[in-house]
Each structure stands twice: as structure tokens, then as C-alpha cells.
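User: Please present the structure, and then let us discuss some of its salt bridges and one of its helices.

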Amino acid sequence: MGRAGCCCRGAERLASPSSARRFRPVLLLVTALVCVAPQIGQCQVATPQCRIQKCTTDFVSLTSHLTPAVDGFHVEFCKALRAYSACTQKTAKSCRGNLVYHSAVLGISDLMSQRNCSKDGPTSPTHPETHHEPCNYHSRSQHAHTHPHTHTHGHSQGHFQPVYLFCGLFGDPHLRTFKDSFQTCKVEGAWPLIDNDYLSVQVTNVPVVSGSSATATNKITIIFKPFEGCTDQRVYQAVTDSLPAAFDDGTISSGDALHSSTAVEGSMRKVRALWISERSPGRHVELHAGYIGVTVIVRQTGRYLTLAIRIPEEFAQAYDASQDLQLCLNGCPNSERIDQGGHLPLFPPALGLQLHRPGYSSLTQASPYGGSQLFSVDRAKERCKEQLEAHDIYFYSCVFDLLTTGDANFTVASYSAQKDMESLHPHRDRWRIYPRGAASLPTCSHQTISYCLLVLCALSRALV
């Protein structure tokens, strides 16, 4: 309300010359995805002879299960792009003059260039032969769709495209729930993030600064519950200064070897139902539960831990009344909330928010991980701006944490949490959350108004 300029929040960033080049292929492909929808009368639709809709649908099917957090993403994505390109070439003659077709072709070219995909190489089969692997969630989903009378582990019939949810916890601590509600909470002690029939995730939070209610996570416990035919129970536990690359029993994987997976360098390796990948010793670990489609990222920044998780909705909802206390599912209890309806109390008055903790401005507590400093609001914003370009809730969480603790490591925590969210969150159009009290965004120039309209059309209708 009262904002001038771009027609959609965040579009002014896309309209900048550098960002326009970066997002151009995405926008072009989104245009193709949007315009093939029959209900959108404003866009040109494909003629019966032009098969661009079929090409686009096949591309989405080939890439919908891919995630950048898993080895082999680049190789598989390039194969899908080459298959998409080959499909467009076959229908080029009948699609001459079709806006959707030409947008797709330009988008494919730009994406292949950005990801350094060679034009020559293997392609993903349009109708890949699927081998039913009961301990691979994606394979099991496809099998349930093609064999509707098959029921395994409560999977619903006909769910060909699984719905994924994201949850993240970082900083002081800031929680992003499955519903994309962003909260800042006290929650001192042990609290369950997730507790269902397949997975339990519990965090332990300790006070950050003496005399304040702000806490941060120093322990994470993850329990992968037994899944018949795939894995027995495995427990992973991380504490400050101990981020192991193994489960509590010393193993790094569980279950029989499944299909071969293409690693980043192009080599083939066997994937198990459950495995751990150490990305940076003592700093970054990823846990992959392929049998339930779950990916968990655990990091240590400074002396505290962060967590990000992606899980299929059907498993996140598999719980009973005794398991309803789940922060990822229902958020923090009102009595544990620090934010006020989404507003963090340490935001500057310029955003219409008041400082409610005057004692925090004088924090000088020493830290063995780099030492605490005095941060004014302006200095905190400048420090956070070094790594967080968008002034979204991750940026303001960074400002909040610097003002609250004086610990510059929280800047890295906010940045890493944002990157993990971008890696795991299934809906790009929901990535950015802006506080309702945020200052007005810059106005788009006259030359970019049409570009803003394109962004609005794409982001409001695509990837819903």
C-alpha cells in the first residue's frame, strides 16, 4: 500500500541490467510455462501443429525432482536442456511465429550458456524407462502413478508430482515454517522442529547474551525412523564444534545400494536409501534420505548451528495428535515469540518499528569465534548489505542479530540460511519475504515498466 514503481515486489531488482541478464532465461522459460496454460487468454497459445507445449511439459517432468543440493544436478539439468532443445528443433517449422516457442528457444540458449552446458552430449529420454525402486521416493511416486492399485507406506494414489515443503532455522533463532511464516522466537531448551511417523528433528537453544531472551541453536538431533525394506533407525547429532560426517553408530549410510547417480565430475556412484555428505569438514553436512525424499542441511557458523530441510508434504503431515508440537508445522507458541506479528523489535524507527530492548546497544561480550562488537543500526545494515543484496527478511534478521549480540558471525548465518533456502525451497516465487514495515522500494524507470509487467505476469501465474 502506498508503494510506487514496479508492479510486483522485488521486480525492480530483476529490472537492473545485471539482474536482467541473469534472470532472462528464467523469465523466458516462465513465459513459455505460463503461456501454454489454456486459461490465460492474454498470451498466444500453441496451435495443434506446434508441439511446444509438449516440449515444455516434458522438460518440467524431467527436472521437477532435481535439486541443486544433490550431486549430479548440473549433469542431469544439462541433459534435460539438450532434450528440450532437440524437441523445439523438431517442431520449429510448425511453430514459426509463435511467441511461446521463440521465448522457450531463447531461454534454453541462455540457460545452456549460463550453466556451461555443451550443445552436443547425452540427452534425457523423453519417456525414460523407470525401474521401480521401493527405496527411492521419486521412483516410488512414479510407480504409484502408473500403477494406481499399488499402495506402499501410505503413498496416495495418483500423486505423480510430489509436493515438497521447506523449513529453516538459523540465528537468534529465526524460523521459517512449512507455510513460509517467518518468526523469531525464544524457545530456550529442547524443542521439536519436526515429529512425524518417519522423521524427528529436535533443536536445543541456549541464551546468546546474559540477561536477554535471545537464544541460538547449539545442538541438533535428527532421527530417521525405521522404514521397512529400506533402512533401520539412524540417529544424527550435531553440537557446537562437533559436526560429524557420520551417524551416532559410526555409519555414513544405510540401506542397500540403489541406482547409479551421476556425480558432478561425471563419474557414476551408487546411491543408498540414506546417506551423509560432508561438504566442508566441521562446517557443512548434508543428509539425504532418498527413501522419503528428504534433504537436510546442517551448518555451523561461529559457535551456533543452522538447519534447512526439504520434505514431501505427505510425510510432513503423517503425525497424530500427540505429535502436534512441531515448530516447522505450527510455528512457535505465542508466548515464545520475540517478533510482533512478523515485526522484529530491533528494526529502526524509519521502518515504523520501535526499539524495545535498550540494553542491547551496549553489548560488549567477548566471543571466542571473532569477538563481539558495538553495532549501530546503520553500521549493522552496512555489514549485512555486504552479503545480503535483497532487503528481505534474511537481511533484517541479520541486522537484528548484530544489534542483539554484536557477533558478526550471524551475518554469515543469515547468508548461508538464505542460500540453503534457495537450494531446497521448491517454489522460487515464494523465496523472498519482505517485512510489512519495510521502506518503500525504488521506483522503476520509464524504460523498464514493460519489463516489470512481464515479471508480474510470470511470477503471479507461474510456479504456484
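User: Which residue forms a salt bridge with D249?

Analyst: A salt bridge is a side-chain nitrogen of Lys or Arg within 4 Å of a carboxyl oxygen of Asp or Glu. D249 has such a partner, the closest N and O atoms being 3.5 Å apart. D249 lies in the loop between β7 (234-239) and β8 (253-262), and its partner, in strand β7, is 15 residues apart from it. That partner is R234.

User: How should I read the numbering and the values?

Analyst: This is a predicted model, in which local features need pLDDT of at least 70, side-chain atom pairs count only at pLDDT 80 or more, and totals for chains, interfaces and linings use all residues. Residues are numbered from 1 along each chain as its sequence is written, and side-chain values use heavy atoms, with hydrogens and water left out.

User: Is R234 buried or exposed?

Analyst: Buried means under 20% relative accessible area, exposed over 50%, and partly exposed in between (1.4 Å probe, protein chains only). The relative accessible area of R234 is 11%. R234 therefore counts as buried.

User: How many residues apart in sequence are the parts that R299 and D420 tie together?

Analyst: R299 and D420 form a salt bridge with closest N and O atoms 2.8 Å apart. Helices (H or I, at least four residues) and strands (E, at least two) are DSSP runs, numbered from the N terminus. R299 lies in strand β11 (residues 294-301) and D420 in helix α11, so the pair ties together parts separated by 121 residues.

User: How many of the 16 residues of α11 are buried?

Analyst: Helix α11 spans residues 409-424. This helix is mostly covered, and its buried residues number 13.

Conventions. The expected span of a helix is 1.5 Å times one less than its number of residues.
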